[in-house]
Amino acid sequence: MYEIVICDDTESDLIQLKMAIENSSHYDMSSMNIHTFNSGMSFLEDMKENTDLLLIDMQMQLMSGFETVVELRKKNQTAVVCFCSAVVTPQTEHFEVSPYRYILKNEGKDKIAKTIDDLLIEMKRRKQQKTLEVVSDGRATLIPVNDILYIEKAKHGCHIIMSSASPIKSEDCKITSREKLSVLEEELKDEGFAVPHSSYLVNIKRITSISNDEIFMEGDQRISVSRSCREGFHHEFSRFFGKKYRRG
């Protein structure tokens, strides 16, 4: 089931947003639940960890929409977030919590309906996407597998290097995990990951170019292909794309 939340301290706005969702061609009553809350605090107490889509008013008493989403992101980093407001426009700080869209309440119905459609489509995309549970510093985080560039062996586990465009925010796009590289290799073996070197596991979909002994990832990051892994890695690369490729 998809869990959709509308959080607004104005009853009429709650009703209008709920109707807009129910009127979308992408809404499915049999697979989607809609929950409404009139404060950020009540929402956080009830279901912050289970939310797939959150539409939240930016100006609410006691706790603002931004403050609420800051708390949400401590437990849930994959929920699609949409800020709603009659007057407030996006500020630089708002992007710290990775909102996907903004709705101005005085916009036309057609524009709001289009935004709702986009939100539901993105919610489904993220929900269907394979995720990897990573435990770091005693906290579990669900990471979208497609957002991983590569995983590097570390002294006590490994480092997961994320795409800069990922909604999962971390210092230097790096997440430290206590899991061994071999464990993650087994979990990701059917998700388009391959081993070019005994210290690396790379996301083939994120490779931008490749030679016989080196691969280039997004952001011009280079990873060597070791002699011992070369044949197996190139085989996996070729098998993933289903065709021969030319080595530089």
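Biologist: Is Ser211 buried or exposed?
Modeller: Ser211 counts as buried because its relative accessible area is 16%. The cut-offs are under 20% for buried, over 50% for exposed and in between for partly exposed, using a 1.4 Å probe and protein chains only. This is a predicted model, in which local features need pLDDT of at least 70, side-chain atom pairs count only at pLDDT 80 or more, and totals for chains, interfaces and linings use all residues. Residues are numbered from 1 along each chain as its sequence is written, and side-chain values use heavy atoms, with hydrogens and water left out.

Biologist: Where does Ser211 lie?
Modeller: Ser211 lies in the loop between β13 (207–210) and β14 (214–217). Those labels are DSSP runs numbered from the N terminus: helices are H or I with at least four residues, strands are E with at least two. The C-alpha atoms of Ser211 and Val225 are separated by 8.8 Å, and these residues are 14 apart along the chain.

Biologist: Which strand has the lowest confidence, and which part has the highest?
Modeller: Strand β7 (residues 139–144) is lowest, with a mean of 81, and β3 is highest, at 97. Take care with residues 243–248, where pLDDT stays under 50. The model has eleven contacts beyond four places in sequence for that stretch; a contact means heavy atoms within 4.5 Å.

Biologist: New topic, the inside. Which residues have the most contacts inside the largest nonpolar core?
Modeller: They are Ile4, Leu55 and Ile116, in a core of 21 residues. A nonpolar core is a set of buried Ala, Val, Leu, Ile, Met, Phe, Trp, Tyr and Cys residues joined through side-chain atoms within 4.5 Å. Two or more residues each come from β1, α1, β2, β3, β4 and α4. Helix α4 gives the largest share, five residues.

Biologist: What does Ile116 touch?
Modeller: Setting aside neighbours within four places in sequence, Ile116 is in contact with Ala20, Ile21, Ser24, Leu55 and Ile103. There is also a second, separate core of 18 residues, which includes Cys7, Phe43, Leu44 and Met63.

Biologist: Back to α4. How far apart are its end C-alpha atoms?
Modeller: They are 29 Å apart, which agrees with the 28 Å that the 20 residues of α4 (residues 109–128) should span at 1.5 Å a residue. The expected span is 1.5 Å times one less than the number of residues. Among the buried residues of α4 are Ile112, Leu119, Leu120 and Met123, and the cover over its buried residues includes β1 (2–7), α1 (11–22) and β2 (32–37).

Biologist: How many residues does the hairpin from β11 to β12 run through?
Modeller: The hairpin joins them through two residues. Strands β11 (residues 193–197) and β12 (residues 200–203) are antiparallel, with three bridges, and Phe193 stands opposite Asn203.

Biologist: How many aromatic pairs are there?
Modeller: The count is three, where rings of Phe, Tyr and Trp (its six-membered ring) pair if their centres lie within 6.5 Å; planes under 30 degrees apart are stacked, over 60 edge-to-face and the rest tilted. Phe83 and Tyr102 have ring centres 5.7 Å apart and planes at 40°, so that pair is tilted. The pair links strand β4, with Phe83, to strand β5, with Tyr102, 19 residues apart. Phe83 is buried at 1%, whereas Tyr102 is partly exposed at 22%.

Notes. pLDDT is the predictor's confidence in each residue, from 0 to 100. Two strands pair if DSSP finds at least two bridges between them.
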